[in-house]
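Please find below some notes on the model, arranged as numbered points.

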Amino acid sequence: LFDGIYPFYPQQRKAAGFDISTIIVIVVFLTLAFSFLLIIPGIRGRARLYWTFRVLLSLFVGVVIVVVQFTGDWETGWVQANTSYKSFSSAMVNADIGLHIGLEGVNITLKGNPVNQINETINYNEHFSWSFDANYDRSYSEGLQKGLPSPILYVAEKFTTQSPCAVHRQYRISGHYASATLWVAFCTWIISNILFSMPALVYGGYMLLVTGAFVIFSLLSFSTVRNIPMCLIQIGSATLHVAYGGSFWLTLVIGLLCFVAGITVVALHYLNLDLLKTFFDLREDKAEEYQEMAEVFVNNHFVNKGL
């Protein structure tokens with residue numbers, strides 16, 4: 001043994017806290033934000049505040065639209081229960097069992113209270129994917145072969161294609177179309193930023209409204225899973241219930257934010273165009289173009305000669 005571990009045997013996998021794709025997206029958008037903050041001192045006057053507000057708000061909308069596609073908390077549920085740990089064993093453990101449903105699959109967590117029980121570290125986070133390029137049933141079979149804890153296999157079995165719950169197809173299709181509409185929303189978000197920089201302000205406002213509409217469509221697509229009743233997930237004497245999670249509500253906030261911003265831009269275009277141009281730092285350019293000289297010097301010699 002080396003520090004209590006066999007050195008030439010694979011160790012137990014550690015529970016992952018974040019998805020790698022989520023971290024990559026956040027790093028990319030943070031890089032863009034810091035790059036803008038480096039050039040912000042070169043902007044003069046109140047325009048600096050307007051630029052900061054517009055850019056950071058736009059980046060926030062973009063990063064949320066992309067990140068929520070990789071998160072696993074569109075629906076979440078937790079329960080604490082005394083349950084059997086593994087098959088063919090009478091050992092009982094007290095643990096928190098968590099169910100985290102995303103657009104591409106489900107994460108099932110198992111964490112002991114305390115973590116170290118029956119001479120083992122009980123801290124699992126297993127992912128089972130139902131995307132169109134994955135095979136959920138095969139992932140479940142691999143979990144059986146690895147000998148995952150019984151609570152994880154019990155919850156994962158509820159989402160298999162052969163389960164009497166019959167929720168696999170609904171979650172798979174709903175998540176697929178929710179993801180597709182979010183990618184369309186991301187494209188319209190890019191177009192709106194291009195239109196604002198051209199500048200074509202009113203059309204940028206229209207594209208923000210389209211972005212908000214597609215974000216809301218993604219929520220409606222995912223919420224169709226509530227059209228079928230969820231099977232009862234009974235673990236010991238406790239029942240695991242799921243509800244909409246943080247990603248769902250954050251996406252709703254982003255959709256409403258796009259609607260508010262789009263309506264504001266369109267309304268100002270028709271009601272107070274000067275204020276809108278001031279916010280987008282366009283009024284100053286126009287003033288410079290038509291600026292009149294305050295003091296003019298005339299050479300009388302050439303004036304008299306011309307006359």
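**Notes on the predicted model**

1. Arg54 lies over the face of Phe279, at 5.8 Å from the ring centre, and the charged end of Arg54 also sits over the ring of Trp51, 4.4 Å from its centre. A charge is taken to sit over a ring if NZ of Lys or CZ of Arg is within 6 Å of the ring centre and within 35 degrees of the ring normal. This is a predicted model, in which local features need pLDDT of at least 70 and side-chain atom pairs count only at pLDDT 80 or more, while totals for chains, interfaces and linings use all residues. Residues are numbered from 1 along each chain as its sequence is written, and side-chain values use heavy atoms, with hydrogens and water left out.

2. Trp51 belongs to helix H2; helices (H or I, at least four residues) and strands (E, at least two) are DSSP runs, numbered from the N terminus. With a relative accessible area of 31%, Trp51 is partly exposed, where buried means under 20% relative accessible area, exposed over 50%, and partly exposed in between (1.4 Å probe, protein chains only). Not counting residues up to four places away in sequence, Trp51 touches Phe36, Ile40, Ile43 and Asp281, a contact being heavy atoms within 4.5 Å. The C-alpha atoms of Trp51 and Ile40 are 8.0 Å apart, and the two are eleven residues apart in sequence.

3. The mean pLDDT of the protein is 83, and 86% of its residues reach 70 or more; pLDDT is the predictor's confidence in each residue, from 0 to 100. Over residues 285-294 the pLDDT is below 50, and this stretch has two contacts in the model beyond near neighbours in sequence.

4. As to overall make-up, the secondary structure comes to ten helices and seven strands, and buried residues make up 38% of the 307 residues. Of the contacts with a separation of 6 or more, 66% are between residues 24 or more positions apart.

5. The largest nonpolar core has 56 residues, and those with the most contacts inside it are Leu99 and Phe159. Such a core is a set of buried Ala, Val, Leu, Ile, Met, Phe, Trp, Tyr and Cys residues joined through side-chain atoms within 4.5 Å. Helix H2 (residues 47-67) gives the largest share of this core, seven residues. Because domain 1 (20-72 + 169-227 + 245-279) and domain 2 (75-166) both give residues to this core, it lies between them; the domain bounds come from an automatic or database domain assignment. A second, separate core of six residues includes Phe196, Leu201, Leu276 and Phe280.

6. Leaving aside its neighbours within four places in sequence, Phe159 is in contact with Leu99, Ile101, Trp130, Tyr136, Val167, His168, Tyr171 and Met230. Phe159 is also one of the residues that ring pairs link into a cluster, among them Trp130, Tyr136, Tyr171, Phe248 and Trp249.

7. The structure holds 20 aromatic pairs. Rings of Phe, Tyr and Trp (its six-membered ring) pair if their centres lie within 6.5 Å, and planes under 30 degrees apart count as stacked, over 60 as edge-to-face and the rest as tilted. The rings of Phe196 and Phe280 have their centres 5.0 Å apart and their planes at 25°, so the pair is stacked. Phe196 lies in helix H5 (residues 168-197) and Phe280 in the loop between helix H8 (273-279) and helix H9 (283-289), so the pair ties together parts that are 84 residues apart in sequence. Both Phe196 and Phe280 are buried. Phe248 and Trp249, by contrast, form an edge-to-face pair, at 5.3 Å centre to centre and 90° between the planes; Phe248 is buried at 7% relative accessible area, whereas Trp249 is partly exposed at 45%.

8. Which residues of helix H4 are buried? They are Ser150, Pro151, Ile152, Leu153, Val155 and Ala156, that is, six of the eight residues of H4 (residues 150-157). What covers them includes strand S1 (75-84), strand S2 (92-101) and helix H3 (136-146).

9. Some backbone details deserve a check. A cis peptide bond joins Asn113 and Pro114, with omega about 0°, and Pro114 is found in strand S3. In the loop between S3 and S4, Ile118 has a positive phi near 45° and is partly exposed at 39% relative accessible area. Asn119, placed in the loop between S3 and S4, has a positive phi of about 60° although it is not a glycine, and is exposed at 85%.
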